[in-house]
Amino acid sequence: AVVSTQSTGIDADDEGDGGVEEQEDDIIDIPDEIEGVEDEDMSERTLTAHSGSVFCVAISGNEQIVLSGGEDDLAYVWNIANHANDKEDTKKIEGHKDSVSHVGFCTGDKYYFTADLSGFI
């Protein structure tokens, strides 16, 4: 990957350019892969129901429920309290007309909401 930065400096001369001096771009070459470094998956659990990118996630205050929303126009409610029993306890939230961009809890985790890019809540 290549990162380009451009900076502007102050010029104290009297050339009538408002005191602004253009400086050259700084090019920084960052290697796509760093040799000898491997990605390590340190997750405790992987939630795999979405068929596209996941755009948002919320975790309840008691850490028992997870909400997720994504590009596939779906939201999911995950009961992760059953993790020790390896049960997949999920509920699919359908009816959105666009990507689900916001999920969250309110009123002490008693209620949750999901919202999509079309404005549907």
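How many aromatic pairs does a search of the whole structure find? The search finds one, where rings of Phe, Tyr and Trp (its six-membered ring) pair if their centres lie within 6.5 Å, with planes under 30 degrees apart counted as stacked, over 60 as edge-to-face and the rest as tilted. The planes of tyrosine 76 and tryptophan 78 stand at 40 degrees, so this pair is tilted. The model is predicted, with local features needing pLDDT of at least 70 and side-chain atom pairs pLDDT 80 or more, while totals for chains, interfaces and linings use all residues. Residues are numbered from 1 along each chain as its sequence is written, and side-chain values use heavy atoms, leaving out hydrogens and water.

| Ring interaction | Distance |
|---|---|
| Tyrosine 76 and tryptophan 78, ring centres | 5.6 Å |
| Lysine 97 charged end to ring centre of phenylalanine 120 | 5.7 Å |

Lysine 97 has its charged end over the ring of phenylalanine 120, a term that requires NZ of Lys or CZ of Arg within 6 Å of the ring centre and within 35 degrees of the ring normal.

Tyrosine 76 and tryptophan 78 are both buried, whereas lysine 92 is partly exposed at 44% relative accessibility; buried means under 20% relative accessible area, exposed over 50% and partly exposed in between, with a 1.4 Å probe and protein chains only. Beyond its neighbours within four places in sequence, lysine 92 is in contact (heavy atoms within 4.5 Å) with Leu74, Ala75 and Tyr76. The C-alpha atoms of lysine 92 and alanine 49 are 8.9 Å apart, although 43 residues separate the two in sequence.
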